[in-house]
Amino acid sequence: MTNAFSGAQPFDLVIRNADVVTASDRFQTDIGVSDGVIVALGRRLGPGKREVDATGLLAMPGGVDGHCHLDQPMPDGLRMADDFFTGTRAAVCGGTTTVIPFAAQEKGGSLRAAVEDYHRRANGRAVVDYGFHLIVADPTEKVLREELPELIQEGYTSFKIYMTYDDLKLSDREILEVLSVAREHGALVMVHAENSDCIAWLTDKLVGQGRIAPKFHGLARPAAVEREATHRAITFAELVDVPILIVHVSGKDAIGQIRWAQGRGMPILAETCPQYLYLTADDMGHPGDDGYAGAKCVCSPPPRDSDNQEAVWKALKQGVFSVFSSDHAPFNYDDPQGKKPGGNAQSFEHIPNGIPGIETRLPLLFDGVRQGRLSLHKFVELTSYRPARLYGLYPRKGTIAIGADADIVLWDPDARVQITNDALHHAVDYTPYEGREVTGWPVHCFSRGEQLVANRQYLEPTPGRGQFLPADAPSLV
Ligand code: URP
Ligand code: ZN
Ligand code: ZN
């Protein structure tokens, strides 16, 4: 065999006959990997110490999940089921090779201390690489003038703020202060946009009427509440003149606000998640065996209806959204520290918000590709390339190119898979997608050249092999 690499050392790994799809290109190639990095792309590459034949499969960059919650400290009585080990294990089995969960400040606490604590939680546990977003819950002078600027400098270049939840929400004035710091230091703010007072008022009314079943969660958080907060967040971004990212957008009202801002040339970015494509408010009304199973689909903003699902698909295709994330929030269903705080069915206001989805994120969206709703390139753009760019990890992550980490996922585009919780790798006792059939599944997954999944089997790599990734400045395009 003669080519530029003849006579050289064998590669650590060669993936042969790959049909590579990136956000912009598609080409047939062998992929040569050494020291965890892609070092050669070309036909008939020289030998590898290991070789994998990718004939008939698609080779795509590993997914980057830019919004997931793992082992996040919770208020008393609640606990997340997934830590960095089980969460990243599930991630890679679903084709995601980089995760970015949240180091969350407590009100009255230090942001720096939250980051140090979160490193302790991740250390020795993660099986894929990870970065951290920050959650700014208490923007004191010290946080705004010292901690945040220093942390941005150190590679924590994105942070989330909340407009709702008593233990996390910021006042309008505080939001303006945080946005100003982001502008000055070049960070990206992610906004959870729902109007807190409206939710509290609606909740009190519903509970006062005895309407406490899980399905009433949706009535306490109608689209108007999300629409108003989305518009308010956009207004704040306009006043401060800074980009923001509206996270977990649920449907057409909020999309309308985002389109309006984008149409005016404002740098308003947006994220959506599988629950807004595949669940509806009716799923929160399913009684199940114990009359309470709707709690499995309680998240905020809540899933809406089929019209809204269509609006989200359309906006994904048209480029309104930059990223597609899981918002994996792993609470067990049958657990006194999960969806049934204290051990019994609860009024909807006490159900912890959020649903699991770190492993199913990519297969669910890929199924949309197979249904003709999105192109393969758009799929890679939304799930890997754009999150890598926005969160300062590109070009190490988010593409298949020489010099990039060999985070490569080989997909069988024709595999028909029925999603069942038994076959998933998270530590949560349910999936909201139980029984749903999808076409396409990741069959071989590599992280920095190490194969972690083969033929859909998890290979039990050493926990702790995942590395922390300090982030560069966000790249918005
Ligand atoms: O309901 C949700 N989305 N829970 C997770 C936390 C968040 O706000 O993203
Ligand atoms: Zn949120
Ligand atoms: Zn979230």
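1. Is Lys-397 buried or exposed? Lys-397 counts as buried, at 2% relative accessibility; here buried means under 20% relative accessible area, exposed means over 50%, and partly exposed lies in between, with a 1.4 Å probe and protein chains only. The model is a predicted one, in which local features need pLDDT of at least 70 and side-chain atom pairs count only at pLDDT 80 or more, while totals for chains, interfaces and linings use all residues. Residues are numbered from 1 along each chain as its sequence is written, chains are lettered from A and ligands numbered from 1 in the order in which they are written, and side-chain values use heavy atoms, with hydrogens and water left out.

2. The surroundings of Lys-397 deserve attention. Lys-397 belongs to the loop between helix 12 (376–390) and strand 16 (408–418); helices (H or I, at least four residues) and strands (E, at least two) are DSSP runs, numbered from the N terminus. Its side chain makes a polar contact with the side chain of Asp-407 at 2.8 Å, and a polar contact of 2.8 Å also joins the side chains of Lys-397 and Asp-129. A polar contact is a pair of N or O atoms within 3.5 Å; within protein, one must be able to donate a hydrogen and the other to accept it, and residues adjacent in sequence count only if both atoms are side-chain atoms. Leaving aside neighbours within four places in sequence, Lys-397 is in contact (heavy atoms within 4.5 Å) with residues including Val-64, Thr-98, Ala-388, Asp-405, Arg-448 and Leu-469. Ser-384 is 13 residues from Lys-397 in sequence, and the two C-alpha atoms are 7.6 Å apart.

3. Arg-448, one of the contacts of Lys-397, has a positive phi near 45 degrees although it is a residue other than glycine. Arg-448 sits in the loop between strand 17 (437–447) and strand 18 (450–454) and counts as buried at 18% relative accessibility. Arg-44 also has a positive phi, near 50 degrees, and lies in the loop between strand 3 (37–42) and strand 4 (48–53). Arg-44 is exposed, with a relative accessible area of 59%. As background, most residues other than glycine have a negative phi, and most peptide bonds are trans.

4. Two peptide bonds are to be checked. A cis peptide bond joins Tyr-394 and Pro-395, with omega about 10 degrees; Pro-395 is in the loop between helix 12 and strand 16. Another cis peptide bond joins Ser-300 and Pro-301, with omega about -10 degrees. Pro-301 falls in the loop between helix 9 (275–278) and helix 10 (306–318).

5. Which residues coordinate the zinc ion (ligand 2)? Lys-160 (NZ), His-192 (ND1) and His-248 (NE2) do so, at 2.1 Å. Donors are N, O and S atoms within 2.8 Å of the metal (3.2 Å for Na, K and Ca); water is not among the atoms, so sites may look incomplete. The spacing of the donor residues in sequence is K-x31-H-x55-H. Lys-160 in strand 11 (residues 158–162) and His-192 in strand 12 (residues 188–192) are 32 residues apart, a pair that links distant parts of the chain. Lys-160 counts as buried at 1% relative accessibility, and His-192 counts as buried at 1%. A distance of 4.1 Å separates the zinc ion (ligand 2) from the zinc ion (ligand 3).

6. Asp-65 lies in strand 6 (residues 63–65) and is buried, with a relative accessible area of 0%. The side chain of Asp-65 makes a polar contact of 2.6 Å with the side chain of Ser-326. Beyond its neighbours within four places in sequence, Asp-65 is in contact with residues including Thr-96, Thr-98, Ile-358 and Arg-361.

7. Arg-361 is also one of the buried residues of helix 11. In helix 11 (residues 361–370), 9 of the 10 residues are buried, so the helix is largely enclosed by the rest of the structure. Gly-372, with a positive phi near 85 degrees, follows helix 11.

8. The axes of helix 2 (residues 111–122) and helix 3 (residues 141–153) come within 9 Å and cross at roughly 30 degrees. Helix 2 is therefore roughly parallel to helix 3. Leu-111, Arg-112 and Val-115 in helix 2 meet Val-143, Glu-147, Leu-148, Glu-150 and Leu-151 in helix 3. Axes are lines fitted to C-alpha atoms, for helices over the stretch in contact, and angles run from 0 to 180 degrees between N-to-C directions; those under 35 degrees count as roughly parallel, over 145 as roughly antiparallel, 65 to 115 as roughly perpendicular and the rest as oblique.
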